[in-house]
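Reader: I am new to this structure and would like a close look at one part of it. Please take me through that part slowly, and then show me how the rest is arranged around it.

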Amino acid sequence: MTPELMEEGAKRLEAYALKRASAATASGGREAAYGRPTRWGEADFSHGVALYLDDITVSFDGFKALNALTLTVNVGELRCIIGPNGAGKTTMMDCITGKTRPDSGKAFFGSTIDLLRLTEPEIAQAGIGRKFQKPTVYEELSVFENLELALAADRRVRASLFSRLTGTQLDRIGEVLQTIHLLPEAQRTAGLLSHGQKQWLEIGMLLMQDPKLLLLDEPVAGMTDEETERTAELFLSLEGKHSLVVVEHDMKFVDQLTEGRKKVTVLHEGSVLAEGLLADVQNNDKVVEVYLGR
Amino acid sequence: MKTPDLPMSVVLEQKRGLLLGPKGWSAVLAAVLVIAVLVPVLNLVVPDGHALHLSDYAVTLTGKIICYAICALAMDLIWGYTGILSLGHGLFFALGGYGMGMYLMRQIGTDGNYKSELPDFMVFLNWQALPWHWALSDLFIAQALLIVLVPGALAFVFGWFAFRSRIKGVYFSIITTAMTFAAMLLFFRNETGFGGNNGFTDFKRILGVPIATGQMRVLLFVISGLVLVAFYLMARAIVNSKYGRVLQAIRDAETRVMFTGYSPLAYKLSIWTLSAVMCAVAGALYVPQVGIINPSEMSPAASIEIAIWTAVGGRATLIGPIVGAFFVNGAKSWFTVAFPEFWLYFLGALFIAVTLFLPNGIIGLLRRPGGIAGLFRRATEKRT
Amino acid sequence: MNFRVAPLLLAWLLCLFVPAHALTPEEAGKIAAGDSDERITALNAAVTAGDPALVPFVRALLDDEVKTAGGKAYIVKDGKAVEAATGAAATLPADAEDVVNNNRMRRELDAAVAALGLVSTDRAARAKAIADLKDQADEGKLPLIEKAEKAETDAVLKAQLALLRAAVLISSDDAAKRIAAAKALSGSSEPATRSLLLERLNAESDPAVKAAIQAALDSVQSQLAWGEKLGVLFTGASLGSILLLVALGLAITYGLMGVINMAHGELMMIGAYATYVVQNLFKAHLPGAFDWYIVVAIPVAFFTSALVGAVLERSVIRWLYGRPLETLLATWGISLVLMQAVRTMFGAQNVGVENPSWMSGGVQVLPNLVLPYNRIAILVFAALVLIGMALLISRTRLGLFVRGVTQNRRMASCVGVNTARVDMYAFSLGAGIAGLAGCALSQVGNVGPDLGQGYIVDSFMVVVLGGVGQLAGTVYAALGLGILNKLLEGWAGAVLAKIMVLVFIVVFIQKRPQGLFAVKGRSAEA
C-alpha cells in the first residue's frame, strides 16, 4: 500500500458515491434493479406502477362482465374511468378488492402484491381503500366512532380490546372531521346523516385508513354542485401522495378532476374501449356512439 | 393546517376510564348487596311464616332464572351486538350442565340405589367400569376445566368452519339448530354414556358437602348471582371498548368492516366462543340448583327460548336480556301453576308481539318517546 | 340311519315302476297302529303310492276320528264306522281302540296331507302344497317329491319342486348328493334358502361339500343382494318423496319469498288432522265409501292449510318481509300457538288414521322385497304434486306474478301487480302443499300435535342443501337425503344415521354455502 494507491482508492470511492447519488431517478435509477429489499406485505412502488390489471375475465352464468380487461395506473396518478352501465366498472373494483375472483388474468398492486391471492381484509391492510356506490357507513355508531374504527392502527382482536386513542390519533380524527366538514356532527348517529353527508363520512373513513390506492365508485352521486366541487378539491389535494381511481358519470366532475391533462379510460362491455385525455376521448367516434351520445 | 379542537364531549368520553357512571356503580353495588346479604338473611335467618321470609322454592327459582339470565346476556353479546343469531346455544348450556352433572354423579359415591362405585345408570346397563370420558370426573378442578374447555372447543371448531365459509344470517341459525338437534339425538342414546333420556339426577353432595341443605342452596344462589354481576361488568367492558364497536360494525355493515382491513373471522370467533363458555358456566351453576340434567335441555325449542328472552328484554342493551329472562321465566312459573294450558299461548303470543311491536324490547319501550300509542302506529306503518 | 334307507329306497324304486295303487286295509292298519317309527314308514309308503283315499283317512287321523282293531283301521264319524281303506261301511269291533297321535305323528300327518297335495290335479292346490312343504321337507317325502317333479307340467312349479328336492337332499348322507343339492340350490333367491345353507355350512364336515355350499351361498347372497339393494333404494326413495312433499312448501315460502316459516310443520299437522276429520266423517256418515275418503281428504287438507296460511300471512308475516330473523321468531311463536290449539281441540294424544283398503298391503317384487302400496301411492302423489307445482309456477299467470313479486317487489307493484294479494296467494300455496304433505304423512305415520316438530329440522335441511330459488335443488336434495339416510341406517342404525346426515349437511353447507343448485349472479350482498 503506497500513498498513491490510497489516493486512487479514495478518488474511486468518491466517484462511486457521486455516481450513486446522481443516478437516483424517480424509479430508483440503475440501482433499483439490484439488492433492494422489499418488505413482505408492503407494496413496492419502485417501478412506478400502483395497479396493474392484465387480461382480467369474469363471467357470471355465461354473461361476460369483464372481457380481457387490461389497465395500468401509475403511482400518484388520478385516473378517471367512465363508461355506460354494465360496462364492468363495479365488477373491476370487486376484482381488485377481492370481492370477486376473476376466471383468468392477473392483478397486481405495486410490483409484488398479487391481489388474486389475498382476502378482502388483507387487501385493505395492504393499502387499497374502497368507497362504495351506496354509502356504507355504520349506521348505529356515531360519526366519531365510524372514523375511529377506520383509523389506521392494529386491526387485531387483542389490540382492539385494550386500545386507547392517543393524542395524535385524536388529532388526526379531528383533522379529518374538519376536512369532511362534519366536525359539528361528531357525536351524531351516522344513520341520521343526509345522503351527501354519508358520502363524505365514507370518504373520511377512507382518509383515516391512509391507503396508497383509493378506489372511488361514483363518489359524488347525489351530491349538490357545491359538495361536488369540494370533493374535487379534496381528491386533487390527495393526488401525488396517493393514487386514485375514480369511476364517475358526471362529466363536469371528471373535467374538474382531470384538469385537461390526465388520462381518462373508457370501459365498454368489460374491456377498455379508449384511453386518453378527456377532450380526445370525447371526440372519439366509438365512445360517442356507445356512451356520450351526439 | 391547525389541528381543530374536537368537541369536549367527544374528548371526555375517550378519556373516561370508568366503566359505568356513578349511577351505574351504585346500582351494581345494590345488586351485590341484595344477592349476597339480603337474600341469605331473608331465607336463612328470618323464620318461616314471617311475612318477609323468602321460601326455599323462591330461592331456587330465582337462582335458576339467574342462570338463564347469564345465557340471555351471552346471547345479547352475539346477537344484539354482532348480529349472529344462534339457535343452538342451549347445547353449550347443557354441556356445561352435563359436565357438572358428571362430577355430582361421582360425588354420590356408594349412596346410590345399587350401592356401587359406578353411577346407577351404568349399573343398570351392566357396564363394569367407567368409560374413558368419565376418567377425570371425580376431581372437581379437572371437571371444572372440562366445563369450560369442552363447550369452548366445540364452539371454536364450529365457529371456525362456519365463519370462515362466511355463513351468515338465517343459514347460520338453521345449522345451529341442526347442531343442537344432532347432539340431542346423540345424548338420548344410552351408549353415549350420559344417562340416556333420563340424564343425571339424585345428587347428594358437592365437594363433600351435602347438596340439599338450605345453606348450600343459598350459597349456590349467591355464587350464581355474583357470577351474573361479574359477567355483566365484563360484557359492559367489552362492549365499550373498540372491540365492541367493531362488533357492532360487523353487525351493521360487514363488507365495510372487511374493506377497512379488519378480519371479521377473528372477532366473530372470539365473541362466539366467549358466549359459549358463558352459557356453559351458567349450565354448570344451574344443575346443582335444579338437581337434574337431561337431553331435553339441548332441544331446539330450549335454544329458541334463549333468543326470545333477549328479544323481549331488548337487544344490544346488556341489561335488557337479563330483564327479559326474568320476565319470561317469571311469567312461565306463574302460568304453569295457574293456567297451564295457556302458557304456550302466552309464549307464542309473546314471540309474535315482540317481533311485530317491540323490536327494541322492554328496555326500548322504557326509553322510547311516544309511549304505547307510538308503538302501534310505527308497527302498522305500511312496509313496501 | 341305514335301516331307514332300505325301505325308502324300495319305496322309491317301487314308485318308479309301480303306478299309484289303492290303499289296502293292511296298509291303513299299519298307519293307524303300532309304534311311531313304523307308522311313519307306512305312512310315507302310502303317501308315495298316492291313493286319493288316503287324504280323508289322514284327515280323520288328524281329527282323532280313527279307531283301530285287529290290524284294520276304521273311521268313526257320528257313530257310524267306515273302513279306512275302502270306505265301505263296517261295524266297529268291540275291542276297537282310539288312535293316539303324538306331536311328531301329527307333524308327519300334516306333511302327508301337504305331500298328497303335490299330486293333486288342481294347480293352485299343488302350488299351495309346495309352499306348505317348504318348511317340512324331509327325506321321507323325497320319493313323492321326485315323483311329483317328474309328473309336473307347469314349469314354475317344476322349478320349485327341484329346489324342494335339493333342500331335502342337502342333508342326505351321500356327499355327492349333497354337492349336487348345493349346486341346485345356488339358483334360488329365497331368504329361506340362505338360512338353510348357512345352517348346513355350520354342520358340515366334508371340505368338498363345504366348498360347494359356500359357493352356493355366495350365489344366493348375490341374488338376494339385488333385492336388498332395491329395498334400500325403495325405502330411501319413499322417505325422499315424503321429505320432498314436506320441503316443497317450504321451498316456496323460503326459496321464493324469503320467509322463514318455523310453523311449516304445524301447517302439515293441520293437514293431517283435516284428513283425520274427513275420515271420521266418512266413518260416521258414509261407511260404504270409506275407501275413497282419501280422495276427499286431499283437497280438504290443501284448503284448510292454505286458509290457515293465508290468515297467518295477512296478520303477522306481511309486516316482517325483509327481516328473516324476526320472521323466524314470530313463526316459531305461531307454531307454539297452533300446537296448543290443536291440543285443546283434539287432545294431546295421537289420533288414529287408517289407510283405505286399496292402500293396505303391498306387491311382492322379489322373494325378499315387498313394496307397500301406501308408500308407492305417496311416491306417485309426491311426483304429481311436484309436477303440478312446477307447472303452476312456470305456466300460469299467478306463477308469473309470484316470480315477479319475489324478485322485485317495487317494480312489480309499479306495473300494477297487487303485491299484497300475490304474497298471500304464494304463502297460501306453500301452506297448502304443507297440508298435502300432512295428508300423506297421516297414511304412513302417527298423527299427533307434535307431528310437525319431527320434520321441521329435516325440511329446513332439504331447502338449505338444495339451494334457494330453484325447485330442482329441492327435488335432488330431498331424494338424495332420503336415500343417504336409509343407506346409513342399514349400516349404523337409525339414530346415528340421522346424526351423520345432519353433520354431513352442516359440513357441506360450509364448503358450498349456496347449496346444490345456486342461483348464480352478481348480488350486492353475497
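In which sense do E1(C) and E2(C) pair, and over how many bridges?

Author: Please keep in mind from the start that this is a predicted model. In it, E1(C) and E2(C) pair in the antiparallel sense, and four bridges hold the pairing. To find one of these bridges, look for C:Lys67, whose bridge partner in E2(C) is C:Tyr74. The two strands make a hairpin with two residues between them, and in this hairpin C:Gly70 takes a positive phi near 55°.

E2(C) also pairs with strand E3 of chain C, residues 80–83, and here again the strands run antiparallel and are joined by four bridges. Within this second pairing, C:Val76 has C:Ala81 in E3(C) as its bridge partner. E2(C) and E3(C) likewise form a hairpin with two residues between the strands, and C:Asp78, which sits in the turn, has a positive phi of about 50°.

Helix H2 of chain C covers residues 25–32 and is mostly covered, with six of its eight residues buried. The buried ones are C:Glu27, C:Ala28, C:Gly29, C:Lys30, C:Ile31 and C:Ala32. After H2(C) comes C:Gly34, a residue with a positive phi, near 110°.

Stepping back to the whole of chain C, the domain assignment gives domain 1 as residues 2–220 and domain 2 as residues 245–450. The C-alpha centres of these two domains of chain C lie 59 Å apart.

Chain C also meets chain B, with 36 residues of chain C in contact with 39 residues of chain B. On the chain C side, the elements that give two or more residues are helix H14 (324–346), helix H17 (409–414), helix H19 (453–466) and helix H21 (494–511). H14(C) supplies the largest share of that side, 14 residues. Sorted by class, the side of chain C that touches chain B has 27 nonpolar, five polar and four charged residues.

Strand E1 of chain A, residues 49–60, pairs with E2(A) in the antiparallel sense over eight bridges, and the partner of A:Ile56 in E2(A) is A:Leu69.

Another open sheet of chain A has six strands in the order E6-E7-E8-E3-E9-E10, and its pairing is mixed. Its edge strands are E6 (128–131) and E10 (271–277) of chain A, each of which pairs on one side only. Neighbouring strands of this sheet are turned by 20° against each other on average, direction ignored. E6(A) and strand E7 of chain A, residues 213–217, run parallel and are joined by four bridges, with A:Leu213 in E7(A) as the bridge partner of A:Ile128. Finally, helix H11 of chain A, residues 285–292, lies across strand E3 (78–82), strand E9 (263–268) and E10 of chain A, and runs at about 115° to E10(A).

Note on methods: Residues are numbered from 1 along each chain as its sequence is written. Chains are lettered from A and ligands numbered from 1 in the order in which they are written. This is a predicted model: local features need pLDDT of at least 70, side-chain atom pairs count only at pLDDT 80 or more; totals for chains, interfaces and linings use all residues. Two residues are in contact if their C-beta atoms, placed from the backbone, lie within 7 Å. Ala, Val, Leu, Ile, Met, Phe, Trp, Tyr, Cys and Pro count as nonpolar, Asp, Glu, Lys and Arg as charged, and the others, Gly among them, as polar. A residue is buried if 20 or more other C-beta atoms lie within 10 Å of its own, exposed if 12 or fewer, and partly exposed in between; C-beta atoms are placed from the backbone. Domain bounds come from an automatic or database domain assignment. Two strands pair if DSSP finds at least two bridges between them. Axes are lines fitted to C-alpha atoms, for helices over the stretch in contact, and angles run from 0 to 180 degrees between N-to-C directions.
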